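Please look over the chains below before reading on. The report then takes them up part by part.

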Amino acid sequence: MGRLPFTPEQASTFAPDVDHLLYFLLAVTVFFTLLIFGAIFYFAVRYRRRSERELPHASHGGMALEILWTVIPFGLTMVMFTWGADIFFRESRPPADAMQIYVVGKQWMWKLEHMEGKREINELHIPLGRPIKLTMTSEDVIHSFFVPAFRTKQDVVPGKYSVTWFQPTKTGKFHLFCAEYCGTNHSHMIGYVYVMDPADYANWLRGNQTGASLADTGAKLFQDLACSNCHKADNSGRCPSLTNLFGSAVKLAGGGTVKADEGYLRESILQPNAKIVAGYQAVMPTFQGLVTEEGVLQLVEYIKSLAPQPAAAAGGAH
Amino acid sequence: MASHSESLALREQFDTEAQQKEASTLGMWIFLITEVMFFGGMFLAYTVYRSWYPHVFAVASSSLNVYIGAANTVVLLCSSFTMVMAVRAAQLGKRNAIIWFLILTLVLGGVFLGVKAYEWNEKFVEHHVPGAGFHFEGVPQQGPAQIFFSLYFAMTGLHAMHMVVGVGLLIFLIVETRKGKYSASYMTPVDLIGLYWHFVDIIWIFLFPLLYLIDRHLKT
Amino acid sequence: MITAAEQTRVDYLNESYGIKSWLLTKDHKRIGLLYLATITLFFFLGGAFATLIRVELLTPQGGLVSSETYNKLFTMHGVAMIFFFLIPSIPATLGNFFLPMMIGARDLAFPRINLLSWYLLVIGGLFALFAMLAGGVDTGWTFYTPYSTTYSNSWVIATAVGIFIAGFSSILTGLNFIVTVHRMRAPGMTWFRLPLFVWSNYATALIQVLGTPVLAVTIVLVFCERFFHIGIFDPALGGDPVLFQHLFWFYSHPAVYIMVLPAMGVISELVSVFSRKQVFGYHFVAFSSMAIAVLGFLVWGHHLFVSTQSVYAGMVFSFLSYFVAIPSAIKVFNWTATLYKGSISYATPMLYAFGFVGLFTIGGLTGLFVASLGIDVHVTDTYFVVAHFHYIMVGGTIMAYLGGLHYWWPKMTGRMYPELWARLSALVIFLGFNLTFFPQFILGYLGMPRRYHNYPPEFQVLHVLSTAGASVLAVGYLMPMIYFIWSLRYGKLAPANPWGASGLEWKTPSPPPLHNFDETPVVTQEAYDYSGVIGEEIEVG
């Protein structure tokens with residue numbers, strides 16, 4: 001169905017879904033508004049006071065009416081709930097083959113990194129027709145990644161990764177806004193998402209190449225920070241091997257297992273003693289303050305590249 | 001036997017003394033419920049962080065002196081007992097007994113606060129006070145350890161503040177009792193301040209195991 | 001028809017004079033007026049901030065104030081309006097004045113605590129005022145961490161202390177009302193003979209007493225974090241910034257019901273009196289108030305749908321949020337049904353009641369939009385939400401407050417306000433309000449985020465419409481200010497029962513004597529029984 005005026009462009013697969021739900025809500029709202037306004041207006045005129053000594057019959061209500069106007073609204077709201085929850089659930093499950101982009105928000109700009117190493121500030125170029133998954137974190141306060149044309153929004157929180165995804169359905173240039181108040185220049189933390197034809201996107205990616213993919217930069221960082229001294233490829237060091245780690249289930253000391261997703265990798269770098277792998281000692285130092293969030297993302301991508309592709313259910317952190 | 005205090009305390013908005021007593025009692029209970037909600041927020045934060053960092057909390061908890069904590073618990077329980085005895089004495093109209101039991105309660109409350117101050121000083125010496133000089137040797141994760149101690153100080157501090165208010169109320173009661181204000185037919189303030197005192201005691205009964213006894217039964 | 005004896009009668013206003021008799025009063029009626037003055041001051045302060053905001057938003061790039069100042073303006077607008085105007089408004093002015101009278105009591109259960117409540121509001125207000133004058137606070141009224149605890153360089157602690165203290169004002173008022181309704185009802189005044197205004201304020205009091213302490217402890221934690229850097233909301237130290245949001249909204253969602261339930265209570269009174277009929281479905285309306293109070297505590301997570309709260313928690317909160325909408329809908333239907341075959345007057349209070357029902361209907365229905373997860377992802381943190389809550393708080397609560405003020409003005413002051421000017425103001429307010437806030441729904445769905453100082457040019461037309469509406473609204477609010485004060489000296493003297501209303505408060509002279517009733521009334525009639533109130537009656541319908 002087409003779009004009504006006063007709605008933004010529909011540029012993702014979610015947009016028409018959200019707008020259809022909107023139309024339903026609008027229809028219900030307009031109906032009940034007209035009903036109530038109409039009834040009030042009619043009664044107010046028809047039963048206006050004609051003499052100061054009028055005394056209407058006392059009426060005390062009717063159970064049937066009360067039940068009617070409780071049950072019908074309840075039924076309608078349950079439809080609204082289910083419909084909305086369905087969209088929300090789908091928005092929380094990025095497809096396994098989604099293209100991965102990393103986002104770091106900071107006061108007051110968006111830093112975006114493609115896997116191939118291409119970095120952007122306040123702009124995101126993506127190809128048409130495939131799902132795009134954003135893994136995001138903040139360097140300072142809470143921000144929120146909002147693209148009205150896609151109808152998506154997700155808070156970007158320091159200390160953890162949050163995920164949003166969308167599949168663009170038309171090319172063009174679409175507003176990107178920070179939607180969680182973050183200080184002085186909150187309203188300047190804006191940019192654009194550029195959706196391009198796949199061929200144009202490939203050209204864009206090739207041009208101005210920095211050369212190193214995110215994983216390659218991560219590999220270099222891995223060496224520079226001396227991670228490779230302990231995390232040896234052949235599992236001979238004091239620390240667990242990172243080959244095939246991403247996506248697997250890790251047994252922890254003291255019982256329990258955890259899925260090695262992006263969030264787990266980030267935590268292991270910044271708060272290594274939060275979870276100790278079974279059979280190992282708590283000897284890893286923390287890299288908090290020694291590596292930026294972007295550096296962490298590069299390391300994460302590198303470690304991901306040590307696992308066979310595609311990773312089983314890349315259903316992301318949070 | 002018409003005593004001096006019989007009808008002097010009836011406030012003009014009430015029709016009868018019974019109504020006044022019921023209203024005051026209900027008011028105190030509602031106030032205590034607001035206190036439950038107030039402390040409840042802290043308990044929620046504690047619950048969240050303990051579930052996130054169970055090991056850190058256990059180690060930090062075991063660094064607290066459980067013997068002093070237990071002794072303080074006994075002191076507070078005894079003070080609730082002496083408070084009950086004061087209320088009973090008031091019901092029987094025994095002025096001297098009221099005063100003695102209130103003084104005992106006051107002393108026990110004071111002992112509690114004194115021991116608390118000693119404990120806090122110990123924490124200060126050990127650098128377990130959150131802030132710039134914080135350092136806890138038991139675990140590598142300093143952040144979560146600091147969160148434990150922050151909650152420790154916030155919760156015991158809030159509790160101590162309530163005890164100080166309680167001590168002030170007890171002094172007020174002692175002064176008023178000496179003036180002969182209370183008798184078998186009017187002892188509502190003794191009753192209600194007793195309620196408040198018991199409530200502060202109960203909060204401690206929850207704080208003690210949550211702060212001092214995490215995983216104590218496990219020998220690591 | 002006012003006799004000479006009545007004109008020289010002693011009432012609560014003239015039985016003592018001097019500033020001490022006001023500042024040390026224990027009379028709930030005088031305390032109600034003290035509150036009236038205080039909250040009116042904060043209303044105009046908050047309104048001044050709003051004016052500056054709307055003028056700044058006339059152009060996409062602003063220019064009147066810097067970004068930093070703009071951020072302080074919307075923060076202080078929210079703080080002033082919510083904590084120092086809306087939360088106290090109806091309960092502390094109209095509730096304080098009329099709750100005891102409506103149940104046949106001489107005063108509240110604890111008059112001195114009532115006075116203390118007012119002082120706490122004033123002291124809290126002074127802290128907040130100090131913060132505003134000393135440089136302002138720029139965190140948004142929601143104080144999200146870690147911005148408020150680690151990054152903001154503004155007067156966060158002073159403002160937080162002010163809100164903390166004002167919170168205790170609210171708690172003590174709630175405590176007072178609960179005990180009063182339980183223990184001070186006149187003989188024969190059973191629960192189901194209580195006016196619905198009493199039911200509403202009782203339900204509100206429950207929320208005040210249970211919810212506000214959680215805000216207090218949240219503020220304590222923010223204070224500790226900001227002052228001592230304890231780490232509780234700081235991810236670098238293992239803390240969780242989203243925990244703050246849970247703690248904050250656990251109070252702040254029920255808070256909106258503190259703001260709207262008393263308004264609904266006023267509307268029940270007005271709709272009944274000015275249709276001269278018992279409220280349709282009295283029991284349902286009473287129980288709806290209680291249901292809203294309970295359910296209101298279960299939905300706070302709907303403010304956290306995109307905050308990284310779990311998907312399943314989001315679903316539970318969305319589901320429950322629809323539940324809490326139903327009792328409000330029940331009330332709207334019952335008020336509308338009350339009009340059927342009534343005898344409808346268009347006096348100013350009734351015009352405000354009509355306005356309330358219409359605007360609250362719209363505001364409440366837009367709540368269904370934001371409760372829906374799929375829609376909320378798009379519209380949360382946009383002007384859609386701003387429009388939604390202003391429809392309820394301003395189109396709802398403030399209209400009800402003004403309606404109640406007009407309705408009870410004769411009783412409180414012994415004077416009538418000028419009816420024609422009052423009806424005109426009601427109309428101006430209604431039109432100005434809609435022009436201000438309806439465009440904001442559209443702005444929001446189009447993607448205009450909230451708390452934005454500058455914005456893309458394509459949003460300008462809607463912003464200009466909104467600002468135009470705001471200027472009309474401002475005029476509408478100034479008019480009652482002027483004529484209410486005028487009426488104190490020049491208004492017609494008011495009889496005991498100018499509206500033909502049925503409550504106990506109308507059986508006293510206007511203004512009432514110090515102790516309300518010469519003898520404790522004995523109640524034998526149901527609520528809203530108009531037989532015997534109107535001279536010779538003509539049956540209708």
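## Strand pairing in chain A

In E11(A), A:His175 has A:Tyr192 as its bridge partner. A:Tyr192 in E11(A) also stands opposite A:Glu123. Two strands pair if DSSP finds at least two bridges between them. Strand E10 (residues 172-178) of chain A runs antiparallel to E11(A), with 6 bridges. Strand E5 (residues 123-127) of chain A and strand E11 (residues 190-196) of chain A pair in the parallel sense, over 5 bridges. Strands (E, at least two residues) and helices (H or I, at least four) are DSSP runs, numbered from the N terminus.

This is a predicted model: local features need pLDDT of at least 70, side-chain atom pairs count only at pLDDT 80 or more, and totals for chains, interfaces and linings use all residues. Residues are numbered from 1 along each chain as its sequence is written, while chains are lettered from A and ligands numbered from 1 in the order in which they are written.

## Two domains in chain A

Chain A is assigned domain 1 (99-206) and domain 2 (214-305). The bounds come from an automatic or database domain assignment. The C-alpha centres of domain 1 of chain A and domain 2 of chain A are 26 Å apart.

Contact brings together 11 residues of domain 1 of chain A and 10 residues of domain 2 of chain A. Two residues are in contact if their C-beta atoms, placed from the backbone, lie within 7 Å. On the domain 1 side, strand E2 (99-106), strand E3 (109-114) and strand E6 (132-138) of chain A each supply at least two residues. That side has 4 nonpolar, 3 polar and 4 charged residues. Here Ala, Val, Leu, Ile, Met, Phe, Trp, Tyr, Cys and Pro count as nonpolar, Asp, Glu, Lys and Arg as charged, and the others, Gly among them, as polar.

## Where chain A meets chain C

Chain A puts 78 residues into the contact, and chain C puts in 80 residues. Elements giving two or more residues to the chain A side include helix H1 (14-46), helix H2 (63-91) and strand E7 (143-147) of chain A. H2(A) gives the most, with 17 residues. By class, the chain A side divides into 39 nonpolar, 26 polar and 13 charged residues.

## The largest nonpolar core

A nonpolar core is a set of buried Ala, Val, Leu, Ile, Met, Phe, Trp, Tyr and Cys residues joined through C-beta atoms within 7 Å. The largest one has 315 residues. A:Val103, B:Leu151 and C:Ala353 are among the members that touch the most others. Helix H10 (residues 241-273) of chain C provides the largest share, 20 residues. Domain 1 (99-206) and domain 2 (214-305) of chain A both give residues to this core, so the core lies between them.

Leaving out residues up to four places away in sequence, C:Ala353 touches C:Ile267, C:Leu270, C:Val271, C:Phe274 and C:Gly403.

## Chains B and C

Chain C has 17 helices and 1 strand. Its 541 residues are 64% buried. A residue is buried if 20 or more other C-beta atoms, placed from the backbone, lie within 10 Å of its own. The C-alpha atoms of chain C fill a box of roughly 70 × 45 × 45 Å along the principal axes.

Chain B has 6 helices and 0 strands. Of the 220 residues in chain B, 38% are buried. The box for the C-alpha atoms of chain B is roughly 70 × 30 × 30 Å, taken along the principal axes.

How values were computed: Buried ≥ 20, exposed ≤ 12 C-beta atoms within 10 Å, placed from the backbone.
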